[in-house]
Amino acid sequence: MLVKNEIGALILRVTLGALFLIHGIVKFQGGIENIVGWFESIGLPGFMAYGVASIEIIGGVALIFGLATRLVSALFALLMIGATLKVKLSVGLLGNGQMAGYELDLAFLAIALYLAINGSKVLSVSHLIFHKDSNELKKAA
C-alpha cells in the first residue's frame with residue numbers, strides 16, 4: 001500500500017511541477033510586463049508578477065526533481081488560494097463564458113495540499129540527500 005501511495009505522490013508531484021513550470025515560462029514568454037500591468041489592473045502590486053512567475057518556474061523545477069516538495073507545495077497552495085480569492089471566485093466554479101472559473105485552481109490547490117502534507121519520496125532529490133541522515137538519527141535514538 002505504501003508503494004502505491006508513493007507512486008501516486010510521484011505522479012502528482014511531477015505533474016504539478018510541470019504545469020507550474022509551464023505557467024511560469026508562459027508569463028515571461030508572453031511578456032512579463034503584460035502580467036505586471038494585469039496585476040496592477042486587479043489591484044495587486046505589479047512587482048508581484050515577477051515573484052509569482054519566478055516561484056512557478058523555480059518551484060516547478062524543484063517539484064519535478066523532488067527538492068523541498070512540502071515547502072514548494074505549500075507556496076503553490078498559497079498561490080492558488082490567492083488566485084482563487086482575488087481573481088476567479090467572482091466568476092464562479094466553471095466561469096462566466098468570458099473567463100475560466102476556479103475549477104483548475106481548486107484541483108491544483110488539492111494536489112499542492114496533498115503534497116504539502118504527505119511529501120513525495122520516490123525519485124526525490126531531497127530523499128536521496130537526507131534519507132541516510134534520517135536513518136542514522138533513528139538508529140541513534
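Guide: A crossing is called left-handed if the near helix is turned anticlockwise from the far one by less than a right angle, and right-handed if it is turned clockwise. H1 passes H4 in such a left-handed crossing. This is a predicted model, in which local features need pLDDT of at least 70 and side-chain atom pairs count only at pLDDT 80 or more, while totals for chains, interfaces and linings use all residues. Residues are numbered from 1 along each chain as its sequence is written, and side-chain values use heavy atoms, with hydrogens and water left out.

Visitor: How many helices and strands does the chain have?

Guide: The chain has six helices and zero strands, where helices (H or I, at least four residues) and strands (E, at least two) are DSSP runs numbered from the N terminus. Its C-alpha atoms fill a box of roughly 55 × 30 × 25 Å along the principal axes.

Visitor: Why are H1 and H3 called roughly antiparallel?

Guide: The axes of H1 (residues 2-29) and H3 (residues 48-65) come within 7 Å and cross at roughly 150 degrees; axes are lines fitted to C-alpha atoms, for helices over the stretch in contact, with angles from 0 to 180 degrees between N-to-C directions. Angles under 35 degrees count as roughly parallel, over 145 as roughly antiparallel, 65 to 115 as roughly perpendicular and the rest as oblique, so H1 and H3 are roughly antiparallel. Their crossing is left-handed.

Visitor: What makes up the contact of H1 with H3, by class?

Guide: Contact means heavy atoms within 4.5 Å, and the residues involved include Leu21 and Phe28 of H1 and Ile57 and Ile64 of H3. They divide into 15 nonpolar, five polar and three charged, where Ala, Val, Leu, Ile, Met, Phe, Trp, Tyr, Cys and Pro count as nonpolar, Asp, Glu, Lys and Arg as charged, and the others, Gly among them, as polar.

Visitor: How do you know that H1 and H4 are oblique to each other?

Guide: The axes of H1 and H4 cross at roughly 55 degrees and come within 12 Å, and H1 and H4 are therefore oblique. Here Arg13, Leu16 and Phe20 in H1 meet Thr69, Phe76, Leu79 and Met80 in H4, a contact with five nonpolar, one polar and one charged residues.

Visitor: What makes H1 oblique to H5?

Guide: The axes of H1 and H5 come within 10 Å and cross at roughly 130 degrees, which makes H1 oblique to H5. This crossing is left-handed, and among the residues that meet are Leu12 and Leu19 in H1 and Phe108 and Leu115 in H5.

Visitor: Which residues lie nearest the centre of the largest pocket?

Guide: Val52, Leu79, Met80, Ala83 and Asp105 lie nearest the centre of the largest pocket, among 23 lining residues. On a 1 Å grid over the protein atoms alone, a pocket is an open set of points where a 1.4 Å probe fits, with protein on both sides within 12 Å along at least five of seven lines, and lining residues have an atom within 4 Å of a point. The largest share of the lining, eight residues, comes from H4, and by class the lining has 16 nonpolar, two polar and five charged residues.
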